[in-house]
Amino acid sequence: MTGQCSLLRELSQDTWGRIQFSRSRYGLKIYEVTITQNLIYEINRNSVNNDISIFEAIDEKTNGNDIELFVQTLGGFLFFPIQSKILYKSQDYPKMEHGNQIHDLLNYASSKGGIPLYLLYNFSPGFTFNNSINGIPCSTSDFGCTLIEASYLLRNYAFQRIDRNGNNRWNIPTFLDLHPNHAIPWFIPFCIDQSQPDKKKVFKDVFHTISEERLSDIKTYSDSELEEDRSWVLIDTTKKKYEDRIIGGFQHEKGFAPKFRIVIKNEDK
């Protein structure tokens, strides 16, 4: 997936630069939703031959930080529900501690046979990197958008301490707690040798915490299953009346409520 690898890498570097620019100017702020919307726009604008399609949820009660990602394999589409979080100037992720959000994400993934991930938006002024990840050379700004397994965060940071009032609280991870050993640039899975027929193994090799047992629980979706899901509408900026929406579809479950769906097709098929 050379084209997809290059696009996602470019957007990762752009995110690093956007956050850096915003935080080097007095009064400018940047938010998770803003970055997510920018990524959606750029992916939609740069999609070639419909290899990446972007959909928006019909249900208006959705969260702009929540994304569904479907990645095509020879056996069908793999499913990744994603929660986005931005790195603060303090070099940690305080908004990871947000009610029962991580359990909502995990439950949503479990109910649909997916792998739950966090997509992290980063700029870390003290971080430098010039090495390879899974055999792919990476530089510092490649870490603008990174992925980490939600289950890793649950085991190591979520509700790991008790505050003075007896409430279970997070140990909030810092950028260096997660990078570069646990969270990886989001383009890495799409830069790995795509001649491997088993893309489940590709993602297992990338996210080392995915066990063989968990792989067997991962569902693959067919083209028809995605096409028949009437709760999404394709973002097509070539249409004059994009605001027209399909009526119908199910209401999303409470909790994790994705605003966008990204469908990445296999360029080699």
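1. Let's start with arginine 169: its relative accessibility is 30%, so it counts as partly exposed (buried means under 20% relative accessible area, exposed over 50%, partly exposed in between, with a 1.4 Å probe and protein chains only). Keep in mind that this is a predicted model, where local features need pLDDT of at least 70 and side-chain atom pairs count only at pLDDT 80 or more, while totals for chains, interfaces and linings use all residues. Residues are numbered from 1 along each chain as its sequence is written, and side-chain values use heavy atoms, leaving out hydrogens and water.

2. Arginine 169 forms a salt bridge with glutamate 97, with the closest N and O atoms 2.7 Å apart (a salt bridge is a side-chain nitrogen of Lys or Arg within 4 Å of a carboxyl oxygen of Asp or Glu). Glutamate 97 is partly exposed, at 22%.

3. Arginine 169 also forms a salt bridge with aspartate 163, at 3.4 Å between the closest N and O atoms. Aspartate 163 is buried, at 16%.

4. Now look at arginine 261 and glutamate 68: their side chains meet in a salt bridge (3.0 Å, N to O). Both residues are buried.

5. Over to strand 4, residues 117-121 (strands are DSSP runs of E, at least two residues, numbered from the N terminus). Is this strand enclosed or open? 5 of its 5 residues are buried, so strand 4 is largely enclosed by the rest of the structure. Leu117, Leu119 and Tyr121 point one way, Tyr118 and Leu120 the other.

6. Strand 4 runs parallel to strand 3, joined by 5 bridges, and pairs with strand 7 in the antiparallel sense, over 5 bridges (pairing takes at least two DSSP bridges).

Conventions. Helix = DSSP H or I, 4+ residues; strand = E, 2+ residues; numbered from the N terminus.
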